[in-house]
Protein chains: 2
Amino acid sequence: MSLTVVGSIAFDSVRTPFGERERMLGGSAVHFSLAASFFTTVRAVGPVGDDFGDEELAVLQGRGVETDDIEHVPGGQTFFWRAHYDHDLNVAHTDDTQLNVFGDFEPKLSDASREAEVLFLGNIQPELQRRVRRQCGARLVALDSMNLWINTTREALAAAIAETDCLMLNDAELRMLTEEPNLARAARRAMDLGPEIVVAKRGEYGAALFTGEGFFAIPGYLLEDVCDPTGAGDSFAGGFLGYLDAEDAERPSPEAMRRAMAYGTALASFNVEDFGTERVARLTREEIEERYEALRRLTHFDLAVT
Amino acid sequence: MSLTVVGSIAFDSVRTPFGERERMLGGSAVHFSLAASFFTTVRAVGPVGDDFGDEELAVLQGRGVETDDIEHVPGGQTFFWRAHYDHDLNVAHTDDTQLNVFGDFEPKLSDASREAEVLFLGNIQPELQRRVRRQCGARLVALDSMNLWINTTREALAAAIAETDCLMLNDAELRMLTEEPNLARAARRAMDLGPEIVVAKRGEYGAALFTGEGFFAIPGYLLEDVCDPTGAGDSFAGGFLGYLDAEDAERPSPEAMRRAMAYGTALASFNVEDFGTERVARLTREEIEERYEALRRLTHFDLAVT
């Protein structure tokens with residue numbers, strides 16, 4: 001078992017009603033890797049600049065993430081994002097985006113990364129996702145995207161989606177992609193594009209899973225202290241795919257996918273408890289199991305076995 | 001066991017992307033009564049005008065609802081509401097509200113209604129809810145309200161809430177009432193007002209239950225065909241409280257409340273499948289049990305017994 005993720009590696013400056021941080025480690029590949037690292041071996045692929053150093057690498061390596069495919073671009077600056085959240089923590093207000101080294105990124109996977117059994121194509125330009133996809137023969141390929149690519153590169157995104165097994169989008173993005181306001185219908189239309197699995201991320205409301213067998217939904221863990229939601233979706237994906245990679249089956253079973261939804265929800269709930277990667281970086285597997293169990297108590301209304 | 005509900009009895013004219021209806025039977029007491037009627041004996045309390053006749057009574061009586069406390073106001077017109085929904089079915093756009101006989105409503109409960117063990121104070125003016133409350137010594141009293149009363153009669157509403165055991169609001173209303181954006185904190189603050197049980201209705205995302213023992217959440221049933229969401233919240237409350245009345249315990253157990261959340265969710269999901277009361281009026285208990293079981297499959301990720 002092994003998992004490769006391609007996505008952004010970033011510095012994020014974020015302000016929420018609960019505080020602010022300047023240039024913290026972030027990006028989809030980072031949040032995903034840290035979450036998935038509790039379940040499997042993760043290889044992170046993405047470019048960084050001269051401003052990215054040993055301190056940042058240490059956060060990833062401290063969780064056992066393989067960083068050989070993090071490409072240092074000499075003279076370049078790392079991707080930068082500045083945003084703030086008001087009281088509605090479901091909505092990020094972007095104040096600045098600097099692509100920097102990501103503008104000319106041409107992904108090159110090492111042999112180890114190519115041989116991964118599970119591949120996560122984090123939210124980057126769809127053409128880049130396709131180039132990574134072609135380099136990797138993973139048994140399970142999942143893809144995330146965003147409104148920007150739905151609006152500007154819809155054809156390339158549809159082609160990228162067609163080449164994947166699992167589409168993971170916010171529910172609003174899924175509705176936008178399919179132009180279908182009903183979530184269950186939107187998921188079915190998305191499956192018509194190719195993927196056998198569709199996961200709708202629903203922010204604080206949790207997530208829903210759609211497959212040929214039917215659907216499944218899990219509410220978000222109801223926290224009294226939410227600090228910073230940045231990266232929650234990628235942490236969800238990391239918990240979900242990390243668990244499925246560890247299950248090590250050729251095709252994930254319906255039961256494994258449900259448990260993976262719960263692990264994804266658990267990881268996302270930890271992610272938002274502190275700024276950036278701070279909470280997940282100091283997380284333990286024991287805490288994850290405790291929250292998985294708490295989620296079970298929070299969601300099961302009838303404990304009788306079928 | 002017996003359940004009394006006071007609330008609006010109405011004619012609703014509703015347009016959704018899937019069609020429209022003129023002057024259909026509606027109102028909080030009607031939707032609630034029909035949903036609760038599958039579990040217990042329900043008595044509906046509220047005023048109607050000359051335009052309310054045998055056809056409307058027959059819908060309620062067809063489900064065994066006791067209609068003796070539906071007060072006919074000679075020369076009056078029944079409460080009327082006109083609204084439309086766009087593609088976001090979570091948002092009702094009110095086009096017209098005519099209080100009519102509701103403007104001078106002075107609730108008078110019959111002895112049978114006073115002796116109910118469970119009382120639901122549907123969304124009406126808080127002072128009216130208090131007057132009903134004083135007439136009824138129910139072991140379990142639940143209350144619904146809305147943004148209008150939060151904004152215009154906050155003190156009276158807080159007093160009404162203080163006299164109840166269970167507060168049932170939309171999550172946005174719960175946040176507004178407590179001025180607390182975090183749902184779990186908002187629920188705790190609402191419990192500080194008096195109720196031991198707080199239910200946050202979350203539209204298509206389901207509902208969350210907060211008690212001294214902890215919290216529980218259930219996602220909405222993911223339907224491909226949602227026709228008209230009017231009355232879904234009251235159908236939820238009817239399924240929830242109807243089941244708890246049937247359980248017939250002095251205080252509802254945590255397990256009973258979780259199952260009640262699932263029955264409420266099931267009833268709400270049927271409610272939205274057709275216009276107004278049409279789907280619930282032709283529903284069977286067998287269909288409810290099937291959906292309860294489907295909800296179990298939709299939400300349980302781990303069927304092992306603790």
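In what sense do strand 1 and strand 8 of chain B pair, and over how many bridges? In this predicted model, strand 1 and strand 8 (residues 118-121) of chain B run parallel and are paired over 4 bridges. Within this pairing, Val5(B) has Phe120(B) of strand 8 opposite to it. Strand 1 of chain B is also joined by 4 bridges to strand 4 (residues 42-48) of chain B, again with the two strands parallel. Here Leu3(B) is placed opposite Val42(B) of strand 4. Strands of a sheet pair through backbone hydrogen bonds, and the pairing is either parallel or antiparallel.

The side chains of strand 1 of chain B (residues 3-6) point in two directions: Leu3(B) and Val5(B) one way, Thr4(B) and Val6(B) the other. All of these residues are buried.

In chain A, an open sheet is formed by 9 strands in the order 5-4-1-8-9-10-11-12-13, and its pairing is mixed. Strand 5 (70-72) and strand 13 (214-218) of chain A are the edge strands, each of them pairing on one side only. From one strand to the next, the twist averages 15 degrees. Within this sheet, strand 9 (residues 140-144) and strand 10 (residues 166-170) of chain A are parallel and pair over 3 bridges. One of the residues involved is Ala142(A), whose bridge partner in strand 10 is Cys166(A).

Two helices of chain A are described relative to these strands. Helix 9 (residues 232-247) of chain A lies across strand 1 (3-6), strand 8 (118-121), strand 9, strand 10, strand 11 (197-201) and strand 12 (207-211) of the chain. The direction of helix 9 is at about 165 degrees to that of strand 8 of chain A. Helix 4 (residues 126-135) of chain A has as its buried residues Pro126(A), Gln129(A), Val132(A) and Arg133(A). Viewed down the axis of helix 4 of chain A, the buried residues fall within an arc of 115 degrees, so they line one face of the helix. These buried residues pack against strand 1, strand 8 and strand 9 of chain A, and also against helix 5 (147-152) and helix 6 (154-162) of chain A.

Phe11(B) belongs to strand 2 (residues 10-16) of chain B. Is this residue, Phe11(B), buried or exposed? Because 24 other C-beta atoms lie within 10 Å, Phe11(B) is buried; the cut-off for a buried residue is 20 or more. Leaving aside residues up to four places away in sequence, Phe11(B) touches Arg23(B), Met24(B), Gly26(B), Thr78(B) and Phe80(B). Between Phe11(B) and Gln129(B) there are 118 residues of separation in sequence and a distance of 21 Å in space, C-alpha to C-alpha.

The contact between the two chains involves 33 residues of chain A and 33 residues of chain B. On the side of chain A that touches chain B, at least two residues each come from helix 8 (183-192), strand 13, helix 10 (254-271) and helix 12 (285-299) of chain A. This side of chain A has 19 nonpolar, 6 polar and 8 charged residues.

Notes:
Residues are numbered from 1 along each chain as its sequence is written. Chains are lettered from A and ligands numbered from 1 in the order in which they are written. This is a predicted model: local features need pLDDT of at least 70, side-chain atom pairs count only at pLDDT 80 or more; totals for chains, interfaces and linings use all residues. Two strands pair if DSSP finds at least two bridges between them. Axes are lines fitted to C-alpha atoms, for helices over the stretch in contact, and angles run from 0 to 180 degrees between N-to-C directions. Two residues are in contact if their C-beta atoms, placed from the backbone, lie within 7 Å. Ala, Val, Leu, Ile, Met, Phe, Trp, Tyr, Cys and Pro count as nonpolar, Asp, Glu, Lys and Arg as charged, and the others, Gly among them, as polar. A residue is buried if 20 or more other C-beta atoms lie within 10 Å of its own, exposed if 12 or fewer, and partly exposed in between; C-beta atoms are placed from the backbone. The arc is that of the directions from the helix axis to the C-beta atoms.
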